[in-house]
Amino acid sequence: MTHDAPETEPARRAVAAVGPSSADRYEESIVTDFARRMSYSSYLDLERLLSAQHPVSHPEHHDELLFIVQHQTTELWLKLVLHELTDACTLLRDDLLQPALKRIARVKHIQRTLTEQWSVLATLTPTEYAQFRGFLGNSSGFQSWQYRAVEFTLGNKDARMLRVFESDAGAHELLEGILRAPTLYDEFLRYLARAGFAVPPAVLDRDVTQAYRMSDELVPVIVGIYENADEHWSEYEACEELVDLEDNFQLWRFRHLKTVQRTIGMKTGTGGSSGAPFLQKALDITFFPELYAVRTQIGAS
């Protein structure tokens, strides 16, 4: 049979180049009977998840599904962000700094995904969006209670925002609880105080229902951490992680602004905001002001 080799060997090489087929990957040990077993679909509740997209345009516009999936996906990621930040606050309260930083590190990865997602929505042209935008009524991302909960947790609190959620008792109650709770930065600064750093009493005793404001007295404390990083490495690392968190948030806000400008220009928002100008103002908001002020102080003559 050796005379067949010249004909069969090229065929074998061709198959090897293509790689194994799906049939080659099947294994008899693979579980196929899920009559009484939990499956991938049932674990993830995919039937409900994949049936939660309900376009409202008439006739249904092709691109509305993109718009819905984009925002639903964002809400799922925000749920995880809030989950991680809430636990990070608890860990800091218990003086468990390193596990808290692990939670923050995960949030940073989620933020990168959220920011990159804007490139998908940016494929929606002004003409395409205009054909179904009118069907959205007053619904707007401004009304995302999870986004507001994340902002509250990071320090940008405004009790007036609760009015938007008065018709949703569950969301209103959750946001009111976060409004009255210390922020992530509050918990970090309280951790520093317990660790022996001279955090000003006014910072520790501030009204946590208010947005965090810059404390000039706190800056020298942060400068001391940065200028003695070898001695205070964990605290130094924490400061930089928080800066990363804010930088990522600002990048997300910027991409949001540019996507809105690209899609609707300077039109007002469906929820009643000024649209792009409203988003532009958000770029001036900072969560951890002293962590940026310290950059001016270090190395200054």
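**A tour around helix 13**

Begin by selecting helix 10 and helix 13, which are roughly antiparallel to each other. Keep in mind as you look that this is a predicted model. Helix 10 covers residues 184–194 and helix 13 covers residues 233–264, and the two pack at an angle of about 170°, with their axes 12 Å apart. The angle counts as roughly antiparallel because it is over 145 degrees.

Next, show the side chains where these two helices touch: on helix 10 select L184, Y185, F188, Y191 and L192, which meet E235, A238, C239, L242 and L245 of helix 13. Coloured by class, the residues of this contact divide into nine nonpolar, no polar and one charged.

Helix 8 passes helix 13 in a left-handed crossing. To see the contact itself, select Y147, V150, E151 and L154 of helix 8 together with L245, F249, W252 and R253 of helix 13; by class, this contact has six nonpolar, no polar and two charged residues. L245 is worth a separate label, as it takes part in the contact with helix 10 and also in the contact with helix 8.

Finally, select helix 12, residues 219–227, in which V219, V221, I222, V223, I225 and Y226 are buried.

Technical notes. Residues are numbered from 1 along each chain as its sequence is written. This is a predicted model: local features need pLDDT of at least 70, side-chain atom pairs count only at pLDDT 80 or more; totals for chains, interfaces and linings use all residues. Side-chain values use heavy atoms; hydrogens and water are left out. Buried means under 20% relative accessible area, exposed over 50%, partly exposed in between (1.4 Å probe, protein chains only). Helices (H or I, at least four residues) and strands (E, at least two) are DSSP runs, numbered from the N terminus. Contact means heavy atoms within 4.5 Å. Axes are lines fitted to C-alpha atoms, for helices over the stretch in contact, and angles run from 0 to 180 degrees between N-to-C directions. Angles under 35 degrees count as roughly parallel, over 145 as roughly antiparallel, 65 to 115 as roughly perpendicular and the rest as oblique. Ala, Val, Leu, Ile, Met, Phe, Trp, Tyr, Cys and Pro count as nonpolar, Asp, Glu, Lys and Arg as charged, and the others, Gly among them, as polar. A crossing is left-handed if the near helix is turned anticlockwise from the far one by less than a right angle, and right-handed if clockwise.
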